[in-house]
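Welcome! Please take a look at the sequence and the model below, and then read on for a short tour.

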Amino acid sequence: MGGPDSEREQRKRGRSTGLWLGLAAALLVGAVFVTLVAFPSLTGSVRDEVETPLAPDGEAQLAELGEDEVTRAYFDRLDRTFPSAAQDLRDTLVEALERGAPDGEIGLIVLQSGLDDIYANLDRLSKADIRYFNQLMDLAEGELAALSQSGAPYCQGSDLVEYSDLSEQEAYRFVQARVEPGDPLYEFGLEASGILLDAIRDGRSNPKNRAALSRADMSAIQSLGTQLLFDSDITLLLTTEGKSRREMNAALEKVNFCDLGVRLIGRVENLPEPTRERLITAGLDRLRYYGIRRLIWMMSAY
């Protein structure tokens with residue numbers, strides 16, 4: 001039988017689990033578009049091996065691309081937030097268009113253009129007004145719900161298991177075929193990136209210096225973590241730890257990750273707004289301090 005020390009250790013572990021699950025849910029809101037768009041960390045460095053003839057006028061083609069309302073709005077936001085990155089994007093697009101790059105590669109170049117700068121400005125992002133994160137949550141929730149209803153091949157765990165076996169070249173072509181300018185995923189990614197760019201500008205000009213998480217915040221977050229632990233899909237995923245690849249795949253195949261994402265976002269939205277503000281700030285500060293790989297490892301250790 002466990003003594004008082006054992007019981008205290010269990011309670012401490014439970015509080016830590018609740019906190020990290022709460023932070024994970026908050027970070028999911030900000031990172032969901034990266035998961036969909038940048039999967040699997042593609043940078044456009046892999047290209048189709050078939051050579052294409054050079055197009056005579058990349059500038060004219062760039063102007064034509066800029067006629068798309070969603071693309072034009074994104075360029076405007078990038079220009080106002082990171083002018084040098086916007087100019088680099090234009091130069092890269094002209095080169096790609098002149099060598100006849102396919103539309104999917106053009107889409108990836110645009111989608112990935114601001115990600116490094118956004119990541120480098122997490123400190124400013126953490127000081128932005130909560131309304132930008134509310135916009136991002138609403139956008140992500142609506143997109144995930146629409147994807148789930150559409151039957152698109154992004155939600156079912158069985159699809160994700162299949163994609164995990166793709167080679168880098170196959171994965172690149174898979175993503176490329178779904179992010180051409182005008183595709184829903186392309187438009188979603190640009191709108192999500194645009195919201196983050198707006199938030200960074202707000203964090204620069206009108207920073208919100210928030211207090212650390214309070215005891216009341218911690219209690220609300222721990223309650224959120226406990227609720228997440230009782231979600232049937234999360235319970236299923238947690239029970240796969242340490243099992244074989246076959247058993248893990250069998251569990252993954254049963255989960256609709258779009259529906260799970262909608263539920264997670266709904267849980268975060270139910271937190272009091274001041275708590276949500278401080279939670280998002282704390283999550284982004286941890287992401288900036290530890291980096292994404294170490295943060296995921298730390299979460300997985302609880």
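## A glycine in helix α5

Leaving out residues up to four places away in sequence, Gly107 touches Val179, Pro181 and Tyr186, where contact means heavy atoms within 4.5 Å. Gly107 lies in helix α5; helices (H or I, at least four residues) and strands (E, at least two) are DSSP runs, numbered from the N terminus. With a relative accessible area of 0%, Gly107 is buried. Buried means under 20% relative accessible area, exposed over 50%, and partly exposed in between (1.4 Å probe, protein chains only). Along the chain Gly107 and Val175 are 68 residues apart, and their C-alpha atoms are separated by 9.8 Å.

## About the model

This is a predicted model, in which local features need pLDDT of at least 70 and side-chain atom pairs count only at pLDDT 80 or more, while totals for chains, interfaces and linings use all residues. Residues are numbered from 1 along each chain as its sequence is written, and side-chain values use heavy atoms, with hydrogens and water left out.

The protein has 17 helices and zero strands. Of its 302 residues, 44% count as buried. If you take the contacts between residues at least 6 apart in sequence, 83% of them join residues at least 24 apart.

## How α5 meets its neighbours

How do α4 and α5 run relative to each other, roughly parallel or roughly antiparallel? The axes of helix α4 (residues 83-98) and α5 come within 10 Å and cross at roughly 170 degrees, and α4 and α5 are therefore roughly antiparallel. Axes here are lines fitted to C-alpha atoms, for helices over the stretch in contact, and angles run from 0 to 180 degrees between N-to-C directions. Angles under 35 degrees count as roughly parallel, over 145 as roughly antiparallel, 65 to 115 as roughly perpendicular and the rest as oblique. Leu89, Thr92, Leu93, Ala96 and Leu97 of α4 make this contact with Ile106, Ile109 and Val110 of α5. By class, these residues are seven nonpolar, one polar and no charged. Ala, Val, Leu, Ile, Met, Phe, Trp, Tyr, Cys and Pro count as nonpolar, Asp, Glu, Lys and Arg as charged, and the others, Gly among them, as polar.

With helix α10 (residues 168-176), α5 packs at an angle of about 85 degrees, the axes being 8 Å apart. That makes α5 roughly perpendicular to α10. On the α5 side the contact involves Gly104, Glu105 and Leu108, and on the α10 side Tyr172, Val175 and Gln176. Three nonpolar, two polar and one charged residues make up this contact.

Ser113 sits in the loop between α5 (103-112) and α6 (115-120). Is Ser113 buried or exposed? Its relative accessibility is 17%, so Ser113 counts as buried. A polar atom of the Ser113 side chain lies 2.6 Å from the backbone oxygen of Val110. Setting aside neighbours within four places in sequence, Ser113 is in contact with Tyr74, Leu78 and Leu89.

## The core and a buried arginine

The largest nonpolar core has 64 residues, and Leu78, Leu93 and Leu125 have the most contacts inside it. Such a core is a set of buried Ala, Val, Leu, Ile, Met, Phe, Trp, Tyr and Cys residues joined through side-chain atoms within 4.5 Å. Helix α11 (residues 184-205) gives the largest share of this core, 10 residues. Not counting residues up to four places away in sequence, Leu125 touches Phe133, Leu196, Ala199, Ile200 and Leu284.

Arg201 is also found in helix α11. At 18% relative accessibility, Arg201 counts as buried. Beyond residues up to four places away in sequence, Arg201 touches Arg77, Arg80 and Thr81.

Terms used:
A polar contact is a pair of N or O atoms within 3.5 Å; within protein, one must be able to donate a hydrogen and the other to accept it, and residues adjacent in sequence count only if both atoms are side-chain atoms.
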